[in-house]
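Welcome, and thanks for taking a look at this one with me. Please have a browse through the sequence and the fold, and then we can walk through some local details together.

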Amino acid sequence: MAGSRPIYPEAAIDRDSPPLRLNLTCNACGTKRRENFDWACVSPDRDPAGDWDRVVLSRVFVCKKCGTEDDYKLQTLELLGLRLRGIAADGPISQDGRVIHALNYLWDGTAMRRPSQALDHLRKLTQRAPPCGEAFRRLGNALERFGKLPEAIAPWRRACEIDPEDVEAAYSLANALWRDPATAPEGFGFLRTAFRNFPAAQRKNPDLRRFAPGLAGLLETVVGETQEPFSLAAAWSGGQVRGQPVMNLSTVDVDDIEDFERLGEFMLSDQLISLDFVAELADDKPTRLQLLLSGQDSLQDDVPRMARPWPVRAPIRVGRNDPCPCGSGKKYKKCCGR
């Protein structure tokens with residue numbers, strides 16, 4: 001919806017601050033409970049019907065006694081406190097890092113009142129024909145956001161099946177699957193897919209550029225935990241040789257990458273053409289890509305440092321009657337010039 005702030009609470013909240021501890025009363029059975037929540041999103045919108053408290057919590061609340069989902073009431077003072085802290089927020093989050101001030105709308109413009117209501121609506125969107133990869137990806141994102149990460153994997157997989165070039169879904173799958181040793185190899189496959197599709201995808205959709213630091217950071221984690229050697233291969237345009245544009249092709253052993261933040265910056269370059277993982281390790285070190293990622297080389301070099309040609313010597317011209325350069329003592333026409 002126009003004018004709304006995108007909600008990424010898992011990235012915005014300050015996890016070093018104490019969680020929100022709120023008192024809730026179940027509307028179905030009257031049971032009162034005090035529970036912890038990672039964050040609360042307070043909407044500035046006013047509900048014309050007056051039956052919504054304008055607060056979305058970080059997970060689905062399930063009554064321990066009757067099993068009712070998200071049918072509760074916040075205490076008046078706590079509700080007022082959340083609203084005041086949301087309004088006083090400096091930017092998208094308050095000073096304690098647990099209260100977010102943002103419009104609560106889903107990606108299709110539907111107002112979000114409770115996590116369970118949002119998830120039910122997103123599941124309905126995935127049932128439409130023809131299947132929409134974005135709908136499955138958004139459902140997976142919401143499941144993760146509301147503390148249901150294991151359930152998010154299936155819709156992310158479906159999103160990648162529908163759209164094999166979906167960088168966001170591939171990155172989310174890689175991040176989730178890598179945490180379990182049993183699924184880590186599959187997670188590495190999705191990480192490779194995300195890297196391979198990133199250059200072209202971010203040119204089509206600049207919003208995907210926000211995933212560059214996350215992809216570089218996840219690769220750094222993989223490098224620190226995997227025993228299998230592999231290289232990052234890249235192609236990019238830059239510089240000229242004798243007035244002609246140059247396309248650079250280079251690899252770097254991932255163990256030799258020292259600055260993954262610089263890798264993230266490199267991934268955002270307009271000159272980047274392709275990225276991939278390869279099993280071959282470079283024989284010559286340092287490679288052009290390694291120099292680039294260490295800051296010792298530049299995308300703007302007119303003649304790339306690792307691509308400068310060796311000097312070419314002009315061939316020696318020998319006359320037919322001159323002594324043969326091989327040292328035989330014969331004339332060239334009687335020796336090597338035959």
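Where does Asp 70 lie? Asp 70 is in the loop between strand E4 and strand E5 (72-74). Please keep in mind throughout that this is a predicted model.

**Backbone details in the loops**

You will find Arg 54 in the loop between strand E3 (40-42) and strand E4 (55-57). With a relative accessibility of 9%, Arg 54 is counted as buried.

For background, most residues other than glycine have a negative phi, and most peptide bonds are trans. The peptide bond that joins Ala 129 and Pro 130 is cis, with omega at about -5 degrees. Pro 130 sits in the loop between H3 and H4, a pair of helices that we come to below.

One more loop residue deserves a stop. Ser 269 is located between helix H9 (260-267) and strand E9 (272-278). Its relative accessibility is 11%, so Ser 269 is buried. A polar atom of the Ser 269 side chain lies 3.0 Å from the backbone nitrogen of Gln 271.

**The chain as a whole**

Stepping back, the protein chain has 10 helices and 9 strands. Of its 338 residues, 42% are buried. Among contacts with a separation of 6 or more, 58% are between residues 24 or more positions apart.

**How the helices pack**

| Helix pair | Axis distance | Crossing angle |
|---|---|---|
| H3 (residues 115-126) and H4 (residues 133-145) | within 8 Å | roughly 160 degrees |
| H8 (residues 212-225) and H9 | 8 Å | about 140 degrees |
| H6 (residues 167-177) and H8 | within 11 Å | roughly 30 degrees |

Let us take H3 and H4, whose axes cross at roughly 160 degrees. That angle makes H3 roughly antiparallel to H4, and the crossing is left-handed. On the H3 side, the contact involves Leu 119, Leu 122, Arg 123, Leu 125 and Thr 126, which meet residues of H4 including Phe 136, Arg 138 and Leu 139. By class, the contact of H3 with H4 comprises 8 nonpolar, 1 polar and 2 charged residues.

Next come H8 and H9, packed at about 140 degrees. This angle makes H8 oblique to H9, and their crossing is right-handed. Phe 260, Leu 263, Gly 264 and Met 267 of H9 make this contact with residues of H8, among them Leu 215, Leu 219, Glu 220 and Val 223. The residues of the contact of H8 with H9 comprise 8 nonpolar, 1 polar and 1 charged.

H8 also takes part in the pair with H6, where the axes cross at roughly 30 degrees. H6 is therefore roughly parallel to H8, and the two helices cross in a left-handed way. Which residues of H6 meet H8? They are Tyr 171, Ala 174 and Asn 175, and their partners in H8 are Gly 214, Leu 215 and Leu 218. The contact of H6 with H8 has 4 nonpolar and 2 polar residues, with no charged residues.

Methods. Residues are numbered from 1 along each chain as its sequence is written. This is a predicted model: local features need pLDDT of at least 70, side-chain atom pairs count only at pLDDT 80 or more; totals for chains, interfaces and linings use all residues. Side-chain values use heavy atoms; hydrogens and water are left out. Axes are lines fitted to C-alpha atoms, for helices over the stretch in contact, and angles run from 0 to 180 degrees between N-to-C directions. Helices (H or I, at least four residues) and strands (E, at least two) are DSSP runs, numbered from the N terminus. Angles under 35 degrees count as roughly parallel, over 145 as roughly antiparallel, 65 to 115 as roughly perpendicular and the rest as oblique. A crossing is left-handed if the near helix is turned anticlockwise from the far one by less than a right angle, and right-handed if clockwise. Contact means heavy atoms within 4.5 Å. Ala, Val, Leu, Ile, Met, Phe, Trp, Tyr, Cys and Pro count as nonpolar, Asp, Glu, Lys and Arg as charged, and the others, Gly among them, as polar. Buried means under 20% relative accessible area, exposed over 50%, partly exposed in between (1.4 Å probe, protein chains only). A polar contact is a pair of N or O atoms within 3.5 Å; within protein, one must be able to donate a hydrogen and the other to accept it, and residues adjacent in sequence count only if both atoms are side-chain atoms.
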